[in-house]
Amino acid sequence: MNLFADLLAATPNAAGRAAAATTSTGPRIQKGRRGVEIKSAREIQVMRQASRIVATVLREIMEMAAPGMTTADLDRHAEERIRAMGATPSFKGYHGFPASICASINNQVVHGIPSSRQVIQAGDLVKIDTGAYYEGYHGDSCVSICVGECSEDATRLSRVAQESLMRGLGRIKAGNTLLDIAGAVQDHVEAHGYSVVEDYTGHGVGRNLHEEPSVFNFRTNDLPNLKLRAGMTLAVEPILNAGGKECRTLRDRWTVVTVDGSLSAQWEHTIVVTSDGCEILTDRDF
């Protein structure tokens, strides 16, 4: 998910404490928590559990996605499974988003709204992004699924996107900076002739789905280049376009598409920074 400035503009309530954790529609944005947070061992353990729920759901969706299914089918499965494991969907109701997953197909970049009218076709490149809110903390992850027999172009784009994520994660350790992550991602993407989407970035994650800092995937002097510290929890999520980086938002005010109609791919993990690397909390290989 992208990191809008207003997601970070929460102000403390009168008592200076965090607001209530949930509403009838889902997790509430916490008030009074600003800046980059270093998580305690207890908090990281809870985030491991939230992230394991996310990883489980995404693994199941990767196995079940097939031609003829609708994105609403996948959303229904995700919500049922997240709730069955004792968590709440992070996305549903978040700033008014109506579903538990973002389902973005082919030239849709991010924030696609699941629909019973959106039927998955053989050859589609489907991005599924979801989150789980468990005991006060979020896990967040995204996968790109090549459904059925996909074109070489779609398969290659998804592979390079996943590789760029892992290149970025490989640069994470206490003492390195956000630019170390961004440079590793950008270099790998551009070496394969693709473009990095700059309108949307990764983010801190924890009590809030979106926290500081902005984890950018391209070299820039316009965003704070923070030094990484052990205990930071981040959602790292490169988004690649096969064509130009330019995007536009559709009339539903959520779905973002490539301006030139080219394919887009995204992979994301929630991680915790350690002294000598990082732990991938949403690792699906368990």
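Thr 177 touches Asn 225, Leu 226, Lys 227 and Leu 228, residues up to four places away in sequence not being counted (contact means heavy atoms within 4.5 Å). The model is a predicted one, in which local features need pLDDT of at least 70 and side-chain atom pairs count only at pLDDT 80 or more, whereas totals for chains, interfaces and linings use all residues. Residues are numbered from 1 along each chain as its sequence is written, and side-chain values use heavy atoms, with hydrogens and water left out.

Thr 177 lies in the loop between α3 (152-169) and α4 (178-191); helices (H or I, at least four residues) and strands (E, at least two) are DSSP runs numbered from the N terminus. Thr 177 counts as buried because its relative accessibility is 17%, where buried means under 20% relative accessible area, exposed over 50% and partly exposed in between (1.4 Å probe, protein chains only). Although Thr 177 and Asn 225 are 48 residues apart in sequence, their C-alpha atoms are 6.2 Å apart in space. The two side chains make a polar contact of 3.2 Å (a pair of N or O atoms within 3.5 Å; within protein, one must be able to donate a hydrogen and the other to accept it, and residues adjacent in sequence count only if both atoms are side-chain atoms).

The largest nonpolar core comprises 59 residues, and those with the most contacts inside it are Leu 74, Ile 128, Ile 172, Leu 228 and Val 236. Helix α1 (residues 41-64) supplies the largest share of this core, nine residues. Such a core is a set of buried Ala, Val, Leu, Ile, Met, Phe, Trp, Tyr and Cys residues joined through side-chain atoms within 4.5 Å. Beyond four places in sequence, Val 236 touches Leu 165, Leu 169, Ile 172, Ile 181, Val 215, Trp 267, Glu 268, His 269 and Ile 271.

A search of the whole structure finds eleven salt bridges (a side-chain nitrogen of Lys or Arg within 4 Å of a carboxyl oxygen of Asp or Glu). One of them joins the side chains of Glu 211 and Lys 39 (3.3 Å, N to O). This pair links distant parts of the chain, with Glu 211 in strand β8 (residues 211-215) and Lys 39 in the segment before α1, 172 residues apart. Glu 211 is buried, with a relative accessible area of 5%, and Lys 39 is buried, with a relative accessible area of 5%.

A salt bridge also connects the side chains of Glu 60 and Arg 81 (2.8 Å, N to O). Here Glu 60 belongs to helix α1 and Arg 81 to helix α2 (residues 71-84), distant parts of the chain 21 residues apart. Arg 81 is partly exposed, at 26% relative accessibility. In helix α3, Arg 159 and Glu 163 are separated by about one helical turn because they are four residues apart, and their side chains meet in a salt bridge (3.0 Å, N to O). Arg 159 is partly exposed at 39% relative accessibility, as is Glu 163 at 26%. Salt bridges that share partners join Glu 37, Lys 39 and Glu 211 into one network.

Gln 108 is placed in strand β3 (residues 108-110) and counts as buried at 14% relative accessibility. Beyond four places in sequence, Gln 108 touches Ala 103, Gln 118, Lys 127, Thr 255, Val 256, Val 257 and Ser 264.

The protein has a mean pLDDT of 91, and 88% of its residues reach 70 or more; pLDDT is the predictor's confidence in each residue, from 0 to 100. Over residues 1-20 pLDDT stays under 50, and for these residues the model has 46 contacts beyond four places in sequence.
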